[in-house]
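Hello,

Here is the structure we talked about.

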Amino acid sequence: MKKQVICSTVFPLLCILLLFLSVEAQTCSPSGKIKGKTPPPGQCNQENDSDCCKDGRWYTTYKCSPPVSSQTKATLTLNSFERDGDGGAPSECDNQYHSDDDPVVALSTGWYSNGKRCLNYINIHGNGKSVRAKVVDECDSTMGCDSDHDYQPPCPNNIVDASKAVWKALGVPESDWGGMDIYWSDTD
């Protein structure tokens, strides 16, 4: 009770600063590492400049993502959700492939939230524009470097992996597709 009185009467600005810092400090720490192995010949699709695992290299894994807000900062990456695309297997949410002409995304493991955002829409803001996209898959931050993940490394914990339609809707020149800072939020 005494701390509350001090915060509300004596040092209100300091208390607000401490609250802000404690929210900012809610981070997502790595959960482990996996050791890469060279993919079998022809088994890592590099269609959208995707990385393939390297033999002996250690890759960081995450079970969480940064906290979601009304403007969650993320990195937008390019992914194909079509059969034989660099996304690998069918989408987790509906076990289907999706046209790259549809605005669809995969979210890092923590944001995917065990499928709680499956088939829901998110708003993506970047390049001065916005687009509404459907969550259809997980960009796995916990595993990688195997056939289920097209021999690609685990996703970082802050990824919105998007179809070509999302990049087009944001008005990003095709020569700049691949990685871009964005903000996203759940739709109402």
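Asn 157 sits in the loop between E6 and E7. Keep in mind that this is a predicted model. Is Asn 157 buried or exposed? Its relative accessibility is 11%, under the 20% cut-off, so Asn 157 counts as buried. Its contacts, leaving aside neighbours within four places in sequence, include Cys 28, Tyr 62, Cys 64, Ser 65 and Pro 66. Ser 108, Trp 111 and Ser 141 are also in contact with Asn 157.

**Aromatic pairs**

Trp 111 comes up again here. How many aromatic pairs are there? The count is 2. One joins Trp 111 and Trp 184: the ring centres are 5.3 Å apart and the planes stand at 70 degrees, so this pair is edge-to-face. Trp 111 belongs to helix H3 (residues 109-112) and Trp 184 to strand E8 (residues 179-186), so the pair ties together parts that are 73 residues apart in sequence. Trp 111 and Trp 184 are both buried.

Trp 167 and Trp 177 make a tilted pair, with 6.5 Å from centre to centre and 40 degrees between the planes. Trp 167 is in helix H4 (residues 164-169), while Trp 177 is in the loop between H4 and E8, 10 residues apart. Both sites fall under the 20% cut-off. Trp 167 has a relative accessible area of 0%, so Trp 167 is buried. Trp 177 has 14%, so Trp 177 is buried as well.

**A charge over a ring**

Which ring does Arg 132 lie over? Arg 132 is placed over the face of Tyr 121, 3.9 Å from the ring centre.

**Nonpolar cores**

The largest nonpolar core holds 24 residues. Which members touch the most others? They are Leu 76, Val 105, Leu 107, Ile 124, Val 160, Val 166 and Trp 184. Strands E3 (72-78), E4 (104-108), E5 (121-126), E6 (129-139), E7 (159-162) and E8 each give two or more residues to this core, as do H3 and H4. A second, separate core has 7 residues, among them Phe 81, Val 104, Ala 106 and Val 136.

Val 105 is worth a look on screen. Not counting residues up to four places away in sequence, Val 105 touches Ile 122, Ile 124, Ala 133, Val 135, Val 160, Ala 162 and Val 166, among others. Its contacts also include Phe 81 and Val 136, both members of the second core. Lys 134, Asp 137 and Asp 161 touch Val 105 too.

Best wishes

How values were computed. Residues are numbered from 1 along each chain as its sequence is written. This is a predicted model: local features need pLDDT of at least 70, side-chain atom pairs count only at pLDDT 80 or more; totals for chains, interfaces and linings use all residues. Side-chain values use heavy atoms; hydrogens and water are left out. Rings of Phe, Tyr and Trp (its six-membered ring) pair if their centres lie within 6.5 Å; planes under 30 degrees apart count as stacked, over 60 as edge-to-face and the rest as tilted. Helices (H or I, at least four residues) and strands (E, at least two) are DSSP runs, numbered from the N terminus. Buried means under 20% relative accessible area, exposed over 50%, partly exposed in between (1.4 Å probe, protein chains only). A charge sits over a ring if NZ of Lys or CZ of Arg is within 6 Å of the ring centre and within 35 degrees of the ring normal. A nonpolar core is a set of buried Ala, Val, Leu, Ile, Met, Phe, Trp, Tyr and Cys residues joined through side-chain atoms within 4.5 Å. Contact means heavy atoms within 4.5 Å.
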